[in-house]
Structures are given as C-alpha cells and as structure tokens.
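Here's a quick tour for a first look. Have the sequence and the model open side by side.

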Amino acid sequence: DTTDKTQLIYTVTNRPNDGTLLLNGVALAPNGFFTQDDIENNRVSYVHNGNEFFRDSFTFSLTDGGNFAPVVGTFNIEIDPVNDRPDIDQSSHRMSEGGTVTFTTGMLNVSDEDGRAAGGGEIFLAADSPLEIRIDSLPPAGTLEYNGTPVVAPFTFEFSNLGLLTY
C-alpha cells in the first residue's frame, strides 16, 4: 500500500465513446493516465459530446508503483438528458386556386434530437412526450382548419395528427 496519491496511477485503456476525459482541461490521449491526486484535486473531468446516449464508460488499469500486476476496472458515467429544441425543415406546396391541401409529414420534415424524428412520411415519438406543433399566426389569405374547424391562433396539436390540418 502507498499513501502517496501521486503513485496511484490510472491508465485509461479504453476511452469513453460519447465524451472526452480531460486532465487539467486537456483531452487525454490514448493510454493517457492520471493519478489519485489528480482526482482528489478535481483535475480530471469528463465532457459529454452532446449526443443522445446517456451512459458512457471508460476502462482503466491502476498501479501503485509497486511490482504487482495492475488492477483493471471500469468507470461508468450517467448523463442527465436535456430536452433539445426540435428542428423543422419547411417546404412549400403548390395548389390550385380555390383548392384544399391536407398537410402530411412529407411536407414538414421535423426532427427532434432527443431520439424522436419525423420525415418522409414516418414519425417516431416517445408515447410519453409527443412532439407538438404550435400555430402562432394565421395566413393572410385562406383558412387553416383542424379536423374541419377553423384554427384560431395560438393553436397547438400533436404532430402525429398533422393529417387533420388543411388549408
């Protein structure tokens, strides 16, 4: 056993997949190392890459400067998810004068970085948090209707019901 915390050396044998380990604010290189003293003095940190994977880990070997074989371990990291703002790619649609158009998911490509996406006629939503569309203003000409009833702004509905919106 050693009481010198600088002699307890962690060598990272498998870096995290979804983030970066830092020592003093600098990314650890492959097979980089840090000490117990670095940990206790808050010099080791992890920065998540912002993707939608909320568990990460890295493996390490630990030595104490002696002649014994290193101890191997895994450090698991849990990331608190953040609800990111969804994106919408608006397209235009040509129609005949006096005609009616029913909106489809193919007309509005919507994506949500939180793992829910829509577009090309498909939509994937978590049942507990559906993606919603909010209409804040109405077109200067024509009428927007939802399920046959004129829309009054502001108006919110679930994206999965986009087919009920007509112009």
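How many aromatic pairs does a search of the whole structure find? The search turns up 7 of them, counting rings of Phe, Tyr and Trp (its six-membered ring) whose centres lie within 6.5 Å. Keep in mind that this is a predicted model, where local features need pLDDT of at least 70, side-chain atom pairs count only at pLDDT 80 or more, and totals for chains, interfaces and linings use all residues. Residues are numbered from 1 along each chain as its sequence is written, and side-chain values use heavy atoms, leaving out hydrogens and water.

**Aromatic rings**
- Phe58 and Phe60 make a tilted pair, at 6.2 Å centre to centre and 55° between the planes; planes under 30 degrees apart would be stacked, over 60 edge-to-face, and the rest are tilted.
- Phe58 counts as buried because its relative accessibility is 6%, and Phe60 does too at 13% (buried is under 20% relative accessible area, exposed over 50%, partly exposed in between, with a 1.4 Å probe and protein chains only).
- Ring pairs tie Tyr10, Phe34, Phe58, Phe60 and Phe75 into a cluster.
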